[in-house]
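Please look over the chain shown here. The report below covers its fold, its cores and a few single residues.

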Amino acid sequence: MIESVCELDTLDAHLSSILPPHGEKPSWDRRGDYTAKTVDLYYWANAVEPYRGYDNRTRCLFAEAEGANRDAVSKYWVKVDTSLPLLAALSRANHVVPGHPVFFVVARGSDFAKVFLASNEPAVL
């Protein structure tokens, strides 16, 4: 878990510092599937209902969701371009932050990645 990231930093920079080859291999990654160059980051688009009523800017950002039936709002995985600053991912209209930013780190091409991307909701296998 990363506790603090400047919004202007790229996620590539952080992945490189916490995963191999520059960071330590996670103890749970027995096969070495998780490296800075072999993972993809995703967020769950429209995961939660946007906060309402804080200020005009917040209301404008989520105007398209006003009055919408939350069950009818499409939820889907969005791959994050880790070469861009964190702010770029957080600013996307469909990235509704559920209290704090959540990104799913998935080993590219793994069996789990196939199951993960085939589902429209987070799952732990």
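Leaving aside neighbours within four places in sequence, which residues is Val-39 in contact with? This is a predicted model. In it, Val-39 touches Leu-15, Leu-19, Tyr-34, Val-105, Val-106, Ala-107 and Arg-108. One of these, Ala-107, is also the bridge partner of Val-39 in β3.

**Overall layout**

The protein has 4 helices and 3 strands. From the N terminus on, these elements run α-β-α-β-α-β-α. The protein has 125 residues, and 33% of them are buried. Among contacts with a separation of 6 or more, 66% link residues 24 or more positions apart. The protein exposes about 8400 Å², and carbon and sulfur atoms supply 55% of that area.

**The sheet**

The 3 strands form an open sheet in the order β2-β1-β3, with antiparallel pairing. Strands of a sheet pair through backbone hydrogen bonds, either parallel or antiparallel. The edge strands are β2, residues 76-79, and β3, residues 104-107. Each of these edge strands pairs on one side only. Neighbouring strands are turned by 40° against each other on average, direction ignored. Antiparallel β1 and β3 are joined by 4 bridges. Helix α4, residues 111-118, lies across β1, β2 and β3. The helix runs at about 135° to β3.

**The cores**

In soluble globular proteins, nonpolar side chains tend to be buried together. Here, the largest nonpolar core has 16 residues. Which of its members touch the most other members? They are Leu-11, Leu-15, Val-39, Leu-41, Tyr-43, Val-80 and Phe-103. At least two residues of this core come from each of α1 (11-18), β1 (39-45) and α3 (86-90). Strand β1 gives the most, with 4 residues. A second, separate core holds 7 residues, including Ala-47, Val-106, Ala-113 and Phe-116. Val-106 is also among the contacts of Val-39, a member of the largest core.

Is His-14 buried or exposed? His-14 counts as buried, because its relative accessibility is 16% and the cut-off for buried is under 20%. This residue lies in helix α1. A polar contact of 3.3 Å joins its side chain to that of Asp-9.

Phe-104 is found in strand β3. Its relative accessible area is 24%, so Phe-104 is partly exposed. Ser-119 lies in the segment after α4. At 21% relative accessibility, Ser-119 counts as partly exposed.

Phe-104 and Ser-119 each take part in a pair that is separated in sequence, as the table shows.

| Residue pair | Separation in sequence | C-alpha to C-alpha distance |
|---|---|---|
| Phe-104 and Leu-41 | 63 residues | 5.5 Å |
| Ser-119 and Tyr-76 | 43 residues | 8.3 Å |

Leu-41 belongs to the members of the largest core that touch the most others. Tyr-76 falls within β2, residues 76-79, one of the edge strands.

**In brief**

The largest nonpolar core, of 16 residues, counts Val-39 among the members that touch the most others. A separate core of 7 residues includes Val-106.

Definitions and conventions
Residues are numbered from 1 along each chain as its sequence is written. This is a predicted model: local features need pLDDT of at least 70, side-chain atom pairs count only at pLDDT 80 or more; totals for chains, interfaces and linings use all residues. Side-chain values use heavy atoms; hydrogens and water are left out. A nonpolar core is a set of buried Ala, Val, Leu, Ile, Met, Phe, Trp, Tyr and Cys residues joined through side-chain atoms within 4.5 Å. Buried means under 20% relative accessible area, exposed over 50%, partly exposed in between (1.4 Å probe, protein chains only). Contact means heavy atoms within 4.5 Å. Two strands pair if DSSP finds at least two bridges between them. Axes are lines fitted to C-alpha atoms, for helices over the stretch in contact, and angles run from 0 to 180 degrees between N-to-C directions. Accessible areas come from the Shrake-Rupley method with a 1.4 Å probe; for residues, only the protein chains shown count as cover. A polar contact is a pair of N or O atoms within 3.5 Å; within protein, one must be able to donate a hydrogen and the other to accept it, and residues adjacent in sequence count only if both atoms are side-chain atoms.
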